[in-house]
Amino acid sequence: MERGSSKHGPRIDEHQKQETEGLVRGGGTSHAEEWKEPEPMPAPGEEESVRSYAPGREPGTAEGITAEGVDVRSDLAKWLSDTNFPAKKGDLLRHAREMDAPDKVTEMLHALPERRFANIAEVARALGLGVEKRRW
């Protein structure tokens, strides 16, 4: 007499036997449903070709501004974000000094023309940093 499980009956024993038969024989998976299968790992060197972003939605810099421009603009925004806009060149310089902004930032602000700026984007544009273009 073949010994089965003492926890359940012969019907469940037979079902479990069929479910694990593929693994026991080495023929592959034991899952009947394809959606339960894990996705295969990419082969070495194939990782770059695997795309996880939708076309046109890849990370990087926006059209109209360089990566360096993004960093400089980010640095400006870090030191000027709480400025009361619209602001004149003198207001921006005064605020940067009060915030102990680095010399690089104050030098850029000295290079600005004498006028009123509505926001950081206008300051960046006046410095020639470029502004990203939105696609709607």
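I take buried to mean under 20% relative accessible area, exposed over 50%, and partly exposed in between. By that scale R94, at 45% relative accessibility, counts as partly exposed. The model I am reading is predicted.

**Entry 1, overview.** I counted the secondary structure of the chain and got 5 helices and 2 strands. Along the sequence I read the pattern α-α-β-α-α-β-α. The chain has 136 residues, and 20% of them count as buried. I looked up contacts between residues at least 6 apart in sequence; 50% of these join residues at least 24 apart.

Which residues of α3 are buried? In this helix, residues 89-98, I find K89, L92, L93, H95 and A96 buried. They lie on the same side of α3, because they cover an arc of only 165° around the axis. On the face turned away from that buried side I note the exposed residues R97 and E98. The buried residues of α3 pack against α2 (67-80), β1 (87-88), α4 (103-110), β2 (116-117) and α5 (120-126). After α3 comes D100, and its phi is positive, near 55°.

I went back to H95, which is found in helix α3. Its relative accessible area is 13%, so H95 is buried. What does the side chain of H95 join in a polar contact of 2.7 Å? The partner is the side chain of D82. Not counting residues up to four places away in sequence, H95 touches W79, L80, D82 and T83.

The largest nonpolar core has 18 residues, of which L76, L80, L92, V105, L109, L112 and V123 touch the most other members. At least two residues of this core come from each of α2, α3, α4 and α5. The largest share, 4 residues, is supplied by α2. I checked V123 on its own: leaving aside neighbours within four places in sequence, V123 is in contact with L76, F85, L92, L109, L112 and F117.

I count 4 salt bridges. Among them is D75 with K104, where the closest N and O atoms are 3.9 Å apart. D75 lies in helix α2 and K104 in helix α4, so this pair ties together parts that are 29 residues apart in sequence. Is D75 buried or exposed? D75 is buried, with a relative accessible area of 18%, whereas K104 is partly exposed at 46%.

Another salt bridge joins the side chains of R94 and D91, at 2.8 Å from N to O. These two are 3 residues apart in helix α3, so about one helical turn separates R94 and D91. D91 is partly exposed, with a relative accessible area of 32%.

I also looked up E122, which forms a salt bridge with R115; the closest N and O atoms are 2.9 Å apart. E122 is partly exposed, with a relative accessible area of 21%. R115 counts as partly exposed too, at 37% relative accessibility.

Technical notes. Residues numbered from 1 in each chain as written. Predicted model: local features only at pLDDT ≥ 70, side-chain atom pairs only at ≥ 80, totals over all residues. Heavy atoms only, no water. Buried < 20%, exposed > 50% of the residue type's maximum accessible area, 1.4 Å probe, protein only. Arc of directions from axis to C-beta. Contact = heavy atoms within 4.5 Å. Polar contact = N/O pair within 3.5 Å; in protein donor to acceptor, adjacent residues only side chain to side chain. Core = buried A, V, L, I, M, F, W, Y, C linked by side-chain atoms within 4.5 Å.
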